[in-house]
Every structure is written in structure tokens, then in C-alpha cells.
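Please read them beside the coordinates.

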Amino acid sequence: GRKPMPGGTVNVTRSKSTAFELGDSTASREAHDETFRQWEEDGHSCHHSQLLENERLEAAMAGVCASLLVGSTLSDCGLDWTTVRRVASVLGAAGGAAYGTRLWSFEMWYRRHYAREYKREKWELENYEQGEKEEMVGLFAYKGLNRHDAEAVVGTMSASKDFFVGLMMTEELQLREPLARTEARAAAASSCYALAALAPVVAADLLAPFSPLKDSWLFVVVGVLLLGALGARRAFTAMLSVHKHTFESVCLGLVSALGPKLIASLLLS
């Protein structure tokens, strides 16, 4: 699988996005020139660093949501805060292990699936090259190229067999190349999930002496704010509206925290 590229490309990508938002063609040209310089040194990034960060952010947000759901549900069942804290902490740690294991399991399956499809496409290209070329010509024509241009493009790209097989994987089968370091990524996601799930519990304990709120409500407030911060970070890395995604993440936290209370009130009424 591919290894993540150096983080310098993140700044270049952000420069491109800023130029696009401002309609600044000069800044866009400068950002592209910088991309070409990095390309000559390191290859094209394909935004792997952003993919890896988003993977960790998703894990952290899942951990906070799970913690809010569990904590709110246990509080609504009448359990005292000490018991809620212990159960939420244990489930947060266990949930992190389960999340990381699920990610590792999926990535190992996907890696094998990708390898098999790559071998199949390579074998088909070796055994019936013209048929594979015709498939790609038809695909490019469907996407808007006229047939003459599509044939010219496919004829040029198919001269490099490995490149053409990779192109068939992404364009025909819609399969991305697996990312590298599966075990490290799974461990990072597991840690992010567990730490994020524990954060509202620990913060509520630390802030309790200084807050007029009950421990359970302080736990909810911290969890919702943490989700908002994670949503803002995710929007920032994707160069999207920070305000919009912060609001959406806060709403997600409120649903996670207040949903169990609403369901309990409906069932017990």
C-alpha cells in the first residue's frame, strides 16, 4: 500500500483552495508551481495525510458519541455518577479496542480484495489487451470524451502496463490503493476513540468543584463541546465551512446526549 506523503502538501492544497475561494488566479498558479516542485521530490500526495487525520477524527467523534449515549442512558436509569463514570470509562476503553479491531479487520480484507482484483485485471490485460482497452475507451466516452480522443488517451496510457492496471482499478472498479501501516492506523484509531470517550468523564470530574451543574449535565456539556471542536477540526482539514460543521457536530452531540432522555420519557409516560 501507499505510504502517507510529507505534510507539506497539506499547505499547498490549502493554498489552492484559498485561491479558488478568492478567485485569485495568481495565487493558484503559485500554489501549482509549488506542487510541481514537491511532485519532483516526493511524488503526488493524493491527500493521504488528510485521509489519515480524518480517520482519527472519525474515531474520536464516534468515541464521544458513544460515551454520551452510554452516560445519558445510565443517568436516566437512576444510577449515581460514580457508577456512571466507571461504566462509561470501561465501555469507552472496550469500545476503542473494538473500533480499532474492526478497522484492522476491514483493512486486511480490503487489502486482499484489492490484491485479487489487481491480479485479475493484470491477467485480463495480458490475455486480452484489446478488450480491456475497449472497456476503458467506452468508459471515458461515457464520461464525456469523444471516441477519437478516448482511443488516443487509452493508447498512450496503456503503453505502461502497471500504470494502466492501476487506472483500471480506480476508474473501472472504483477501488483505491490500500493505505500502508494498517496496524499503526488501527492502534491510532483505537486510542483516539478510547481517549475521546474518556475525555468528557475526566473533564466532568475535574470541573465539578467549580461548576453549578450536576456531574451528569457537566459531562453532557463537555462532550457536546468536544464534538463541536472535533467537527471544526475535520472541516478545517477538508477546507470546508468551520461554522457549519461545528454546528452540525454540536447537534450530533445533543442528539447523542438527549436522545436517550427523550426515549426514556416517552417509554415511561
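1. Which residues does Thr182 touch, not counting residues up to four places away in sequence? The contacts (heavy atoms within 4.5 Å) are Trp104, Glu107, Met108 and Arg111. Thr182 lies in helix H8, residues 182–207. At 4% relative accessibility Thr182 counts as buried, where buried means under 20% relative accessible area, exposed over 50% and partly exposed in between, with a 1.4 Å probe and protein chains only.

2. On provenance: this is a predicted model, in which local features need pLDDT of at least 70 and side-chain atom pairs count only at pLDDT 80 or more, while totals for chains, interfaces and linings use all residues. Residues are numbered from 1 along each chain as its sequence is written, and side-chain values use heavy atoms, with hydrogens and water left out.

3. The protein has 10 helices and 0 strands. These are DSSP runs numbered from the N terminus (helices: H or I, at least four residues; strands: E, at least two). The order along the sequence is α-α-α-α-α-α-α-α-α-α. Among contacts with a separation of 6 or more, 75% join residues 24 or more positions apart.

4. Helix H3 covers residues 48–76, and its 29 residues should span 42 Å at 1.5 Å a residue; the expected span is 1.5 Å times one less than the number of residues. The end C-alpha atoms of H3 are 42 Å apart, which agrees. After H3 comes Gly78, with a positive phi near 90 degrees.

5. The largest nonpolar core has 22 residues, of which Val64, Leu68, Trp81, Phe219, Leu227 and Leu230 touch the most other members. H3, helix H4 (81–127), H8 and helix H9 (215–237) each supply at least two residues of this core. Such a core is a set of buried Ala, Val, Leu, Ile, Met, Phe, Trp, Tyr and Cys residues joined through side-chain atoms within 4.5 Å. A second, separate core of 12 residues includes Leu139, Phe164, Val165 and Met168.

6. Neighbours within four places in sequence aside, Phe219 contacts Ser67, Leu68, Gly71, Ser72, Trp81, Pro200, Val201 and Ala204.

7. The structure contains 0 disulfides, a disulfide being a pair of cysteine sulfur atoms within 2.5 Å. Cys77 is exposed, at 57% relative accessibility. Cys251 is partly exposed, with a relative accessible area of 27%.

8. Of the 269 residues of the protein, 35% count as buried. The protein exposes about 15,400 Å², with carbon and sulfur atoms supplying 63% of it.

Notes. Areas by Shrake-Rupley, 256 points an atom, 1.4 Å probe, with all protein chains shown as cover.
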